[in-house]
Every structure is written in C-alpha cells, then in structure tokens.
Amino acid sequence: MQDHVTTHQAEEDARNEAIKIYLNGRIVPKAEAVVSVYDSGFMLGDGVWEGLRLYDGTWAFMDEHLDRLFEAAKAIDLDIGLDRAAVRQAIVDTQAANDMTTDAHARLMVTRGVKTRPFQHPSLSRSGPTVTIIMEHSRPSIPRPIRLATVPHLRGLPMTQDPKLNSHSKLNCILACIAAEKAGADEALMLDLHGFVNTTNACNFFIVRKGAVWTSTGDYCMNGITRQKVIDLCRASDIPVFERNYSLVDTYGADEAFLTGTFGAQTPVASIDGRQIGTGEMGEVTKRIRTLYKDLIARECA
Ligand SMILES: Cc1ncc(COP(=O)(O)O)c(C=O)c1O
C-alpha cells in the first residue's frame, strides 16, 4: 500500500545483513540461523518472546523484560532451560559478537523446541527449548504520525489466549493489522469485549484530553513496559493520568493520541477512522512525555 508506515520502521542499515544471531548457545551468521520445520514455534506458534532496546551500552529495563519473559514461560509451562543470569549473558554475548554499543533492538524468542511428530501435543516437544536472539542495528524512523483504524478483531478474555502473553502466535493481532491496512491505515486500534478502546495490534495506546492522559484499565492488553513507564512518569511529573474505560467518542474527540512500545518509545497518532486527532501532528503533552522518557532512558542507561 502506498505511503504505508509501520510502528516498527527503522532506518535502513546495511550492517544488518551481516549480523550474528544467537541460536541455542551458539552465535552464528544470519544465513546459518535456521530452525527445524518441526520447531514448535514454526509449527504452532508455541513460544514466548521479548523485544528489548539498547541505549548507550545498556539494555533498558532488562529486569522488567526478564520478569515478563519468565512469567510468560511459567504460564505456558515452558522451561527456558536457562536462568535469568544466563539469559542476560546470552544477550550481552550476542551484543558483543555484533559489536553493538547503542541503537540496537533484540528480539529474544523461546519456543517449546523441536517436535518428534508434526502435531500439537506439547509432549511431542522433547529436545528442549529453542532459544534465539535476533539483534539488529535499529534507529526508529517513523516518517509521520500514524493512522489507525478500528477493526472487528477484539482483545480476548484472559481465559482464551491471555492478551498479556507475548506469545509467538499473534494471529489475532495480525488479522487486526491486515484489516486496518485494508482500510487504508497503518495499524489497528482494537476494542475490548465491551467496546471500550483498548490497545493497538502491536503497541499500547494513550489519548490526551484537556491535559490529562488516559489509557485503558490494562485489562485485555499487553502489560507493556513502556506503558507502565509512561504512567509512572506522568504521576511523578504532575500530569494527570487515568487507567480507565473510554469509548471511541472520547477517542475521536481527544486532543492527542500516541502509542507506546519498546521499539518506538512514543509514536504520535494523526488520525483514527478518518477523524483527525488534534492538529494531526505530535501534540504538546506527547512531546513532553517523550522528553521525560528520554531523560528516564538517559538515567537508566547512564
Ligand atoms: C501487543 C503488544 N502491545 C504492546 C507492546 C509494547 O510493550 P513494551 O512497551 O513492553 O515493548 C507489545 C510489545 O511486545 C505488544 O506485543
């Protein structure tokens, strides 16, 4: 689609053709980083992952990412086969092998591993997990505020596939994204089961109304680390912030809207379902939050 942008768009970087990838304890050239067609992740989306960002030699909020990874692995009854220190070391080793010091993004993935037969039952995954880290040079480059479209795909209840799981199987979010793209937007705005505005298919979602920052209650969406940091920063900086239910009427009428995620920090929203939000450009509160977040990263990664 013409003029389509994604919320995970980065500057072209030729070095990414020559990156090395962590694969089950080895660090190998990209071309050799392949997994079996019997892998539980490939076959069934049976795995969990984290996305982390490197700033000035430090992986931001590593502890929170490790907490979420191990919590998700426990929830799906997957033994990562490494403790926290070993996962941390794998990330640092991959960073060193790629000679990366800043502006890198890591996708750490753990699946239930190679299956003995091509069927669903987890007991068929007998050879231990597959652990991989794709680490790329990455400077976010999102050329304009993004356009959202609401879609029929809902954020599910926790007892179906808990939307808090960073699972490999993301089909619900992918279908939402496809629907948004077919509607001429860049990303999907997803509602909860009651019709309240919840989150986008790949990021958390905030609006700003009369100087106050609103986001969903946190039910039905990813417990985003950036989301929580933004809430904490607002609280510490006397910016009113509410985790609450709100509707599309509140959202179309907002002065500003933005997304949050590890990849892009805060990404401004220009329009939703063809309604311009505010001026259609990044608003003042969003700018302030971006500055506060940058300062937080500078302290975290000093
Ligand atoms: C569906 C979804 N929402 C939001 C996020 C943002 O979370 P974080 O701020 O921890 O990167 C992610 C990232 O993994 C995600 O997959």
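Tutor: Two strands are said to pair if DSSP finds at least two bridges between them, and we shall read this predicted model with that rule in hand.

Student: What makes β1 and β6 a pair of strands?

Tutor: Strand β1, residues 20-23, is joined to strand β6, residues 130-137, by 2 bridges; the rule asks for at least two, so the two strands pair, and they run antiparallel. In one part of this pairing, Tyr22 has Ile133 of β6 as its bridge partner.

Student: What is the order of the strands in the open sheet, and why are β2 and β4 called its edge strands?

Tutor: The sheet has 6 strands in the order β2-β1-β6-β5-β3-β4, with antiparallel pairing. β2 (26-29) and β4 (58-59) each pair on one side only, and that makes them the edge strands.

Student: Which helix lies across β3, β4 and β5, and at what angle does it run to β3?

Tutor: Helix α2, residues 62-75, lies across β3 (47-55), β4 and β5 (104-111), and runs at about 175° to β3.

Student: Why is His137 called partly exposed?

Tutor: His137, which is found in strand β6, has 19 C-beta neighbours inside 10 Å. A buried residue needs 20 or more and an exposed one has 12 or fewer, so His137, with 19, counts as partly exposed. Beyond residues up to four places away in sequence, His137 touches Asp13, Arg15, Asn16, Met100, Asp103 and Ala104.

Student: Which residues touch the most other members of the largest nonpolar core?

Tutor: That core has 35 residues, of which Leu148, Ala180, Ala188, Leu189, Phe206, Ala257 and Val269 touch the most other members. Apart from it lies another core, of 26 residues, among them Ala72, Ile91, Met100 and Ile225.

Student: What does Phe206 contact beyond its neighbours within four places in sequence?

Tutor: Phe206 is in contact with Val213, Trp214, Thr215, Val230, Ala257, Phe258 and Thr260.

Student: How many residues surround the ligand, and which element gives the most to that shell?

Tutor: The ligand is surrounded by 15 residues, the closest being Met222, Gly224, Ile225, Thr226 and Thr262. α6 gives the most, with 3 residues, while α6 (225-236) and β13 (256-261) each supply at least two. By class, the shell holds 5 nonpolar, 9 polar and 1 charged residue.

Notes. Residues numbered from 1 in each chain as written. Predicted model: local features only at pLDDT ≥ 70, side-chain atom pairs only at ≥ 80, totals over all residues. Near = placed C-beta within 6 Å. Helix = DSSP H or I, 4+ residues; strand = E, 2+ residues; numbered from the N terminus. Nonpolar A, V, L, I, M, F, W, Y, C, P; charged D, E, K, R; others polar. Core = buried A, V, L, I, M, F, W, Y, C linked by C-beta atoms within 7 Å. Contact = placed C-beta atoms within 7 Å. Axes fitted to C-alpha atoms, helices over the stretch in contact; angles between N-to-C directions.
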